[in-house]
Amino acid sequence: MDTTNRLKQVADLLLEISSLLMVSGANTNRVDLNIDRFASVLNCESFSLISQKTIILTVVDIKTGENYTKVKNLPSHKIDFTILSLISKASWNAIDQDWSLSRIRNEIKSLKDQKRYPRIVVLIAVSFAGAGFCKIFGGDYLNLLVAFISTFFGLLMLQETHRRLFNVYINVFLASLTASTIASLGVYFNLGTQPEAALATSILFLVPGVALINSFSDLLDKNVLNGMVRFANGVMTVLAMALGLFIAMLIFELK
Amino acid sequence: MIETILNILEISIWAGIAAVGFGILFNIPKKAILTVFLLGFGAGFIKTFLLHFQINIVLASLVSASFVGLLSIPLAHSIHQPPVVFSIPAVIPMIPGFYAYETVLSIMSFTFLEKDDAKRLVFMDAIFSNGFTMLFILISLSIGVSLPLLLLRKDTVKKIEN
């Protein structure tokens, strides 16, 4: 009875950690590695089936051979590399200092309260990234300004719609429509030398880069199912972006 | 010549800025910001430099993503962060957004707008060449980012078994 109770707590903790990693944008292999490290500290072996929305995990007590299986549904994904970094550090510290179950639980709890960057900082940083993309595609500084402004309002739209809990692809579509409408004004009034570069780059902040990169690194690891799911999610996002852009171009009759 | 180098440097600096912008969107730790900037700058420099010598964009992306991946191994040890934290934001400026844009626009024009068969053939060509370039660049980028994992897998597992 005692072992079962302990195994239950271990399973809860490991599921909590794997779900945090998964929604923060870790690839499947990273989740596996971290879980194995924590399980080895707790004298258990773990076997898991990881998908984008659900994780099934079995823990086996190494000494008694008792096992416990549990399923957890994942919350919606929100990329957060600070959490990846902190969990990875915690897993190494746990091995070095042989942490107990309650110590690990407290550490994981404390890292969930990590602050994100303030909203305005994110807005400005991403807008600069949009301007940077425009420069890479050969825009001049007037085009960069257009890309900056359209990225800014596009991301603002994304954040606002995200709060209202619409479907995520509708959010992406609205953000893409906003950004490309503003950038289309640049093409319409022929601002700068390469207004098309500003239009093409205004929506790039929406590109699902993490999903696509993780998709291929999962495929390289032979986690084919997760790789395909991530790729499909990425493609859906790209289609939503393209739809927004297409409608903006129809409105301004651009070709 | 000097003008070309200055131009490449300017583009690389913007690549670094773009990398940091995405890093902040992904909430990277504050300590990693400078590293991300330098990696993004280095990757942008190598890619623009190679492109300047007419090297295929897929190969250029593979080389600069591998640069990021390889350099992220020693960096991960020196600033105590897992490699993905700074390797993913650093390669994001190389995401083939422009090819994706061209592919999708060609698909839209092919399907909805163009009726003339000769012009549709041109769009068909654009869909395939841009689409596959995009796919191969994406694969190159993820190979680059995965290099530390692909190369060091055994080491990490060994540490766990001890």
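Predicted model: local features only at pLDDT ≥ 70, side-chain atom pairs only at ≥ 80, totals over all residues.

In chain A, three strands make an open antiparallel sheet, and two helix pairs are worth a look: H6(A) with H7(A), whose axes come within 8 Å, and H5(A) with H8(A), with axes 9 Å apart. For chain B, the story here is a set of transmembrane regions annotated in an unreviewed UniProt entry.

**The sheet in chain A**

- The strand order is E1-E2-E3, with antiparallel pairing.
- Strands E1 (44–50) and E3 (67–73) of chain A sit at the edges with a single partner strand each, so one side of each has no neighbour in the sheet.
- From one strand to the next, the twist averages 15 degrees.
- Helix H2 (residues 28–41) of chain A lies across E1 and E2 of chain A, at about 160 degrees to E1(A).

**H6 and H7 of chain A**

- H6 (residues 141–163) and H7 (residues 168–188) of chain A cross at roughly 155 degrees, which makes H6(A) roughly antiparallel to H7(A).
- The crossing is right-handed.
- On the H6(A) side, the contact residues include Ile149(A), Phe153(A), Gly154(A) and Met157(A), while H7(A) brings in, among others, Leu174(A), Ala175(A), Thr178(A) and Ile182(A).
- Sorted by type, the residues of this H6(A)–H7(A) contact come to 11 nonpolar, six polar and no charged.

**H5 and H8 of chain A**

- H5 (residues 119–136) and H8 (residues 195–202) of chain A pack at about 135 degrees, so H5(A) and H8(A) count as oblique to each other.
- H5(A) and H8(A) also make a right-handed crossing.
- Gly130(A), Phe133(A) and Cys134(A) from H5(A) meet Ala197(A), Ala198(A) and Thr201(A) from H8(A).
- That H5(A)–H8(A) contact splits into four nonpolar residues, two polar and no charged.

**Annotated spans in chain B**

- The unreviewed UniProt entry marks residues 6–26, 33–51, 57–76, 88–112 and 132–152 of chain B as "transmembrane region".
- In the model, residues 57–76 of chain B are 100% helix and 0% strand, with the end C-alpha atoms 28 Å apart.
- Residues 88–112 of chain B are 80% helix and 0% strand, and the end C-alpha atoms there lie 36 Å apart.

Note on methods:
Residues numbered from 1 in each chain as written. Chains lettered and ligands numbered in written order. Heavy atoms only, no water. UniProt positions renumbered as here; feature names shortened; annotations may be inferred. Helix = DSSP H or I, 4+ residues; strand = E, 2+ residues; numbered from the N terminus. Axes fitted to C-alpha atoms, helices over the stretch in contact; angles between N-to-C directions. Parallel < 35°, antiparallel > 145°, perpendicular 65-115°, else oblique. Left-handed = near helix turned anticlockwise from the far one by under 90°. Contact = heavy atoms within 4.5 Å. Nonpolar A, V, L, I, M, F, W, Y, C, P; charged D, E, K, R; others polar. Pairing = 2+ DSSP bridges.
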